[in-house]
Amino acid sequence: MSSSPYVGETDGSHINAEENDDLIDLEEMPAPGEATTTTKKRMTRKRKFTSTVWNHFDILPEQPDKKRRCKCKHCGIIYLADSKYGTGNMKRHISTCVRKDIRDVGQLLINSGSMSLSANKFDAKTFRDLLAGVIIMHDLPFQFTEFEGIRAVLTYLKPNLHIVTRNTCKADCRKMFKREKQNIKSMLEVSPRRICLTSDCWSSLTTDGYICLTAHFVDKDWVLRKRILNFCYMPPPHNGILLFEKIHNFLCDWGIDLRVFTLTLDNASANDTCASLLKTQLLNKNVLVCGGKYLHMHCWAHILNLVVQDGLKCIDSCVTKIRECVKYVKGSQVWKQNFLECVAHSSLDSKKGLRQNVPTRWNSTYIMLESALYYRRAFMHLELSDSNFKHCPSRDKWEKVDKIKKILALFYAITNLFSSSKYPTANMYFPLVVTTYLRMKDEVDGFDEYMSSMVAVMLENFKKYWEDFNKVLAMAIIMDPRYKFHFVDWSYKMIYGVEMGKTKVEELWWDLKSLFYHYVDVSQLTSRSTSLAPTIHNASETCLDNTSEDLMKMFDAATSDETTPQKCELELYLDEPRLDRKIELDVLTYWKGNEFRYPSVTSMARDILIIPITAVASESAFSTGGRILDQYRSALKPDVVEALVCTRDWIYGLK
């Protein structure tokens with residue numbers, strides 16, 4: 001093999017005879033004196049490169065030494081490509097080139113998982129689990145598996161498929177329920193802190209009563225979780241004693257009766273009795289925080305509903321006027337077409353649409369007022385063009401409706417926060433509630449007698465629950481490093497005045513400190529401080545004589561009043577500068593990062609921030625497309641209904 005100045009260059013002179021069957025004839029030079037015309041033509045014509053190696057090599061330009069060379073397209077190694085050398089070396093190189101993948105693109109896609117031509121092995125158990133999951137997820141009847149069309153589709157996919165009956169599918173759903181229940185129990189066991197609960201009683205389409213118990217907790221990864229624990233048949237009467245027995249049995253069955261922090265219920269008298277009995281039972285076990293002071297929480301969404309409904313009674317004439325306008329437009333196709341022409345004439349968007357309210361749902365009243373105000377000019381134009389339309393409010397009435405809408409907008413925003421599908425942490429409630437309180441206070445003190453009379457009734461009912469509720473909301477906002485005590489101090493002064501506000505802040509501080517010391521392990525702090533004292537005393541005795549020791553004792557006595565007391569974790573946290581209020585902050589993530597700096601405060605924050613102040617979490621179980629116990633569910637046994645509802649929440653949750 002001849003030497004070459006090029007890296008990896010080889011002359012291929014040691015090729016075998018078998019490998020030399022594809023020689024390269026780049027130029028065939030005739031012997032001297034033998035050149036003819038035909039030969040000259042041959043000299044200018046080159047052989048075609050028919051070997052497959054040229055799919056992987058490029059011919060390089062001719063060099064001064066008159067030798068032809070080629071370069072590998074993959075790795076760049078250069079080979080001699082003269083007429084007397086074959087392609088053997090290049091063939092061997094292709095088979096061993098480290099930068100070449102001999103598989104085609106299709107094979108690469110198949111092996112990488114982008115597409116698979118190999119049929120997966122059919123597993124009957126997996127198929128049955130998937131079928132049960134479809135029924136649970138989409139609220140399908142068990143008879144779904146016996147629908148002729150579904151059977152035709154499944155048989156087409158797998159001709160010899162054994163399709164289960166509805167009874168088998170029902171049994172599979174029960175098995176899935178039991179399996180997932182064990183997973184939820186394991187999740188609750190490894191959750192390090194306390195659990196907050198919400199509960200409510202409702203009726204199915206067949207008027208059967210059901211009680212729903214929902215747990216709120218932070219898991220070991222600091223993620224806020226909401227899980228329906230029970231959806232159980234509740235026979236009448238729905239009194240406080242029977243409710244207590246049901247809920248207590250649920251807690252014992254799940255093994256969380258020793259870890260309850262709060263229980264949120266609506267304002268029914270039976271719920272008050274239930275909460276009182278449960279508090280007594282848990283106090284006997286000595287498992288409640290601060291003697292059960294924060295156990296019973298009222299549903300704030302229910303409170304807002306009562307407050308707004310009382311206020312709307314005072315302004316029923318305005319709401320009735322708007323409702324009659326909407327009903328008139330929707331009364332016939334001709335009137336609707338006339339209204340659309342008025343909308344077009346007023347240059348308004350017809351796609352926004354008018355909304356008609358439901359008297360039992362005040363938020364629908366707000367939506368109706370908002371849509372009517374948008375089409376205000378269209379209604380005025382309709383009054384002029386249609387002599388039959390006599391319901392249009394006057395200009396003064398429209399102004400009153402606008403003011404009513406602004407007040408209801410505050411309650412609407414809070415209700416949306418309470419009923420959002422992804423439940424927020426408790427620190428988000430206090431600013432909205434305070435803003436609503438101050439707005440109502442301003443309206444009552446204002447010069448508009450109409451609005452003042454309406455809001456005064458709402459504010460009176462609001463204050464009833466505010467006094468019992470604001471401390472929990474305030475503690476939650478204190479655990480937010482963007483607000484701390486500063487926002488609470490400002491809010492109380494705005495609501496109660498400077499002097500009264502200062503008193504309220506002091507009361508809240510002592511309640512918060514009392515709650516904090518529940519989370520402090522006093523025995524460990526005491527043992528740690530006492531273990532250091534003898535060491536310091538012995539060291540001073542070895543270093544000082546009696547006279548010097550007496551002098552040092554005189555110094556200690558003289559400066560004892562000047563000693564600064566050591567601050568607790570809570571005070572250290574509050575003394576730190578606040579974060580910027582405008583930044584987006586996941587407060588649970590913040591406390592996860594400060595778990596080792598403030599262990600006791602972190603434990604307290606972890607429990608306070610998950611307190612649900614509304615039972616909407618439980619009510620949501622009844623509102624899948626307006627109801628969850630449809631005609632199929634209402635015909636099922638209560639244990640099957642519980643299996644379907646709970647398993648749907650556990651597996652699919654917010655999906």
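Predicted model: local features only at pLDDT ≥ 70, side-chain atom pairs only at ≥ 80, totals over all residues.
## Nonpolar cores

The largest nonpolar core holds 107 residues, and those that touch the most other members are Phe-379, Phe-430, Trp-466, Met-479, Leu-570 and Trp-591. Helix H16, which runs over residues 449–478, gives the most to this core, with 16 residues. The surroundings of Leu-570 can be listed in detail: leaving aside neighbours within four places in sequence, Leu-570 is in contact with Met-479, Trp-509, Leu-512, Lys-513, Phe-516, Val-601 and Met-604. As a general background, nonpolar side chains in soluble globular proteins tend to be buried together.

## Helix H4 and the residue that follows

Helix H4 covers residues 124–137, and its 14 residues reach 20 Å from the first C-alpha to the last, close to the 20 Å expected at 1.5 Å a residue. Its buried residues are Phe-127, Leu-131, Ala-132, Gly-133, Ile-135 and Ile-136, and the buried residues of H4 pack against H5, H6 and helix H25 (638–651). Just after H4, Asp-139 takes a positive phi of about 55°.

## Salt bridges

Side chains of opposite charge can pair when their charged atoms come close. In this model the count comes to 22 salt bridges, and three of them are set out below.

| Pair | N to O distance | Relative accessible area |
|---|---|---|
| Asp-139 and Arg-648 | 3.7 Å | Asp-139 16%, Arg-648 23% |
| Arg-193 and Asp-607 | 3.6 Å | Arg-193 25%, Asp-607 0% |
| Asp-402 and Lys-406 | 3.8 Å | Asp-402 22%, Lys-406 44% |

Asp-139 and Arg-648 meet through their side chains in a salt bridge, and this pair links distant parts of the chain, with Asp-139 in the loop between H4 and H5 and Arg-648 in helix H25, 509 residues apart. Asp-139 counts as buried because its relative accessible area of 16% is under the 20% cut-off, whereas Arg-648, at 23%, is partly exposed.

The salt bridge between Arg-193 and Asp-607 also links distant parts of the chain, since Arg-193 lies in the loop between H6 and strand E4 (195–203) and Asp-607 in helix H23 (residues 599–608), 414 residues apart. Here Arg-193 is partly exposed at 25% relative accessibility, while Asp-607 is buried with a relative accessible area of 0%.

Asp-402 and Lys-406 form a salt bridge within helix H14 (residues 395–418), where they are separated by about one helical turn because they are four residues apart. In general, an α-helix has 3.6 residues a turn, so residues three or four places apart point the same way. Both partners are partly exposed, Asp-402 at 22% and Lys-406 at 44%. Elsewhere, salt bridges that share partners join Lys-293, Lys-471 and Asp-511 into one network.

## Strand E4 and Cys-196

Cys-196 lies in strand E4 and is buried, with a relative accessible area of 1%. Not counting residues up to four places away in sequence, Cys-196 touches Thr-214, Ala-215, His-216, Phe-261, Thr-262, Asp-607, Ile-610, Ile-611 and Pro-612. Among these contacts is Asp-607, the salt-bridge partner of Arg-193. Cys-196 and Thr-264, which are 68 residues apart in sequence, are 8.1 Å apart in space, taken from C-alpha to C-alpha.

## Exposed positions and the surface

Glu-189 lies in helix H6, residues 166–190, and counts as exposed at 63% relative accessibility. Glu-324, found in helix H10 (residues 316–329), is partly exposed with a relative accessible area of 30%, and its C-alpha atom is separated by 8.6 Å from that of Cys-392, 68 residues apart along the chain.

On the surface, Val-153, Tyr-156 and Leu-157 form a nonpolar patch with about 390 Å² of accessible area together. Of these, Val-153 lies in helix H5 (residues 148–157) and is partly exposed, with a relative accessible area of 47%.

Notes. Residues numbered from 1 in each chain as written. Heavy atoms only, no water. Patch = residues over 30% accessible without salt bridge, like charges linked within 9 Å, V, L, I, M, F, W, Y side chains within 5 Å. Areas by Shrake-Rupley, 256 points an atom, 1.4 Å probe, with all protein chains shown as cover. Salt bridge = Lys/Arg side-chain N within 4 Å of Asp/Glu carboxyl O. Helix = DSSP H or I, 4+ residues; strand = E, 2+ residues; numbered from the N terminus. Buried < 20%, exposed > 50% of the residue type's maximum accessible area, 1.4 Å probe, protein only. Core = buried A, V, L, I, M, F, W, Y, C linked by side-chain atoms within 4.5 Å. Contact = heavy atoms within 4.5 Å. Expected span 1.5 Å × (residues − 1).
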